[in-house]
Amino acid sequence: MKEIILIKNGELALKGLNRSSFESVLAKNIKRRLHGLGKFKVTCLQSTMNIEPLCDDFDMEEAIKRISKIFGIAGFQRAAAVEKNIDEILAVAPEYLSEQLENVDTFKVEAKRSDKKFPLTSPEISREVGGAILEKFPHLSVDVHNPELTVTVEVRDNYAFIRGNQIKGAGGMPVGTGGKAAVLISGGIDSPVASWMVSKRGVVLDAVHFASPPYTSPQAEMKVHDLLRKVSAYSGDIGLYTVCFTKIQEQIRDNCPEELFTLVMRRFMMRIANEIAMKNDCQALVTGESIGQVASQTMSALACTDNV
């Protein structure tokens with residue numbers, strides 16, 4: 001027996017003839033994010049991917065944590081890969097899932113037989129595996145409608161896979177399939193949320209932060225670093241450009257009517273962010289805004305800002 005990680009691609013399965021290009025990007029993202037945990041290989045099979053460790057010291061626990069934060073993965077689970085032999089399946093299934101089986105009261109077995117040459121049908125596999133589990137865990141009962149644990153046995157061309165409940169993934173699209181954008185990042189919550197949501201649609205991000213020392217403190221900039229670090233746990237690396245905005249703010253303060261201060265300041269921020277975006281081949285600007293949330297985020301104010 002060997003242990004692997006099975007990954008469900010989610011909406012990638014809905015793509016047409018270019019699906020393989022999306023899967024290729026996802027595979028590259030997985031390899032990059034799991035780098036340093038030990039040798040492994042990633043294999044694409046139909047609407048799933050297999051991560052197979054190639055060394056005994058592969059850090060499976062850390063791999064699971066990182067995979068949960070990779071966009072493009074709908075669900076995943078650890079699985080035992082065994083020989084396509086019913087005796088081997090019956091021996092491994094109760095043992096491999098023992099920890100999960102000991103902590104539930106109800107279960108069911110689902111079998112999927114891609115290899116039609118396998119001598120048992122799917123219902124027969126389910127019945128045999130269910131019997132073996134009940135024999136070892138007599139406290140369990142079968143519930144085919146609402147089980148606490150679903151044991152899945154999938155017989156494919158090379159191996160039979162045994163797994164428990166699927167863990168929900170981050171979803172979305174693989175980062176790198178949706179273009180590139182520059183996000184205007186502040187120390188608030190809206191812009192990091194916008195960054196996360198856009199990244200979830202496959203967009204690579206650069207971030208632009210406006211600092212105004214001495215009016216803003218170094219701690220404010222460190223907060224931006226911390227927020228981006230949390231987003232990058234899902235999105236991958238984010239380039240950060242910090243713009244010293246003090247002189248521009250002072251000129252606006254000294255030369256503009258007070259009621260237009262915020263609007264003019266935001267227009268300058270958009271101009272500067274646009275220049276940075278163009279130099280970095282970004283195709284869009286991302287901001288964290290909600291209509292009417294603050295005075296500068298009325299629809300007319302946002303339209304005036306966007307006009308530059």
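This is a predicted model, in which local features need pLDDT of at least 70 and side-chain atom pairs count only at pLDDT 80 or more, while totals for chains, interfaces and linings use all residues. Residues are numbered from 1 along each chain as its sequence is written, and side-chain values use heavy atoms, with hydrogens and water left out. Helices (H or I, at least four residues) and strands (E, at least two) are DSSP runs numbered from the N terminus.

**Salt bridges**

- The structure holds 16 salt bridges, each defined as a side-chain nitrogen of Lys or Arg within 4 Å of a carboxyl oxygen of Asp or Glu.
- Side chains of opposite charge can pair when their charged atoms come close.
- Arg 78 and Glu 3 form a salt bridge with an N to O distance of 3.0 Å. Arg 78 belongs to strand S4 (residues 73-82) and Glu 3 to strand S1 (residues 2-8), so the pair ties together parts that are 75 residues apart in sequence.
- Accessibility classes are buried (under 20% relative accessible area), exposed (over 50%) and partly exposed (in between), with a 1.4 Å probe and protein chains only. Arg 78 is partly exposed at 28%, and Glu 3 is partly exposed at 23%.
- Lys 136 pairs with Glu 95 in a salt bridge whose closest N and O atoms are 2.7 Å apart. This pair links distant parts of the chain, with Lys 136 in helix H5 (residues 122-136) and Glu 95 in helix H3 (residues 86-96), 41 residues apart.
- Lys 136 is partly exposed, with a relative accessibility of 44%, and Glu 95 is partly exposed, with 49%.
- Arg 156 and Glu 154 form a salt bridge with closest N and O atoms 3.1 Å apart; both residues are buried.
- A network of salt bridges links Lys 2, Lys 41 and Glu 52.

**Nonpolar cores**

- A nonpolar core is a set of buried Ala, Val, Leu, Ile, Met, Phe, Trp, Tyr and Cys residues joined through side-chain atoms within 4.5 Å.
- In soluble globular proteins, nonpolar side chains tend to be buried together.
- The largest nonpolar core has 26 residues, of which Ile 89, Leu 101, Ile 125, Val 129, Ile 133, Val 151 and Ile 162 touch the most other members.
- At least two residues of this core come from each of S4, H3, strand S5 (106-113), H5, strand S7 (149-155) and strand S8 (160-163). H3 supplies the largest share, 5 residues.
- Contact means heavy atoms within 4.5 Å. Leaving aside neighbours within four places in sequence, Ile 162 has contacts including Arg 78, Val 82, Ile 89, Tyr 96 and Thr 152.

**Largest pocket**

- The search uses a 1 Å grid over the protein atoms alone: a pocket is an open set of points where a 1.4 Å probe fits, with protein on both sides within 12 Å along at least five of seven lines, and lining residues have an atom within 4 Å of a point.
- The largest pocket holds about 630 Å³ of space. Grid points are joined across faces, edges and corners, and the volume is the space filled by probe spheres set on the points.
- The lining of the largest pocket has 32 residues, and Leu 184, Ile 185, Ser 186, Arg 266 and Met 269 lie nearest the centre.
- Helix H6 (190-200), strand S11 (204-211), H7, helix H9 (261-279) and helix H10 (299-306) each supply at least two lining residues. H9 gives the most, with 5 residues.
- By class, this lining has 13 nonpolar, 15 polar and 4 charged residues. Ala, Val, Leu, Ile, Met, Phe, Trp, Tyr, Cys and Pro count as nonpolar, Asp, Glu, Lys and Arg as charged, and the others, Gly among them, as polar.

**Individual residues and backbone**

- Thr 150 sits in strand S7 and is buried, with a relative accessible area of 17%. Not counting residues up to four places away in sequence, Thr 150 touches Lys 108, Glu 110, Arg 163, Gly 164 and Asn 165.
- Gly 236 is in the loop between helix H7 (218-235) and strand S12 (239-244) and is buried at 15%.
- Pro 213 and Pro 214 are joined by a cis peptide bond, with omega about 5°; Pro 214 lies in the loop between S11 and H7.
- Asp 281 is not a glycine but has a positive phi of about 60°. Asp 281 is in the loop between H9 and strand S13 (284-286) and is exposed, with a relative accessible area of 64%.
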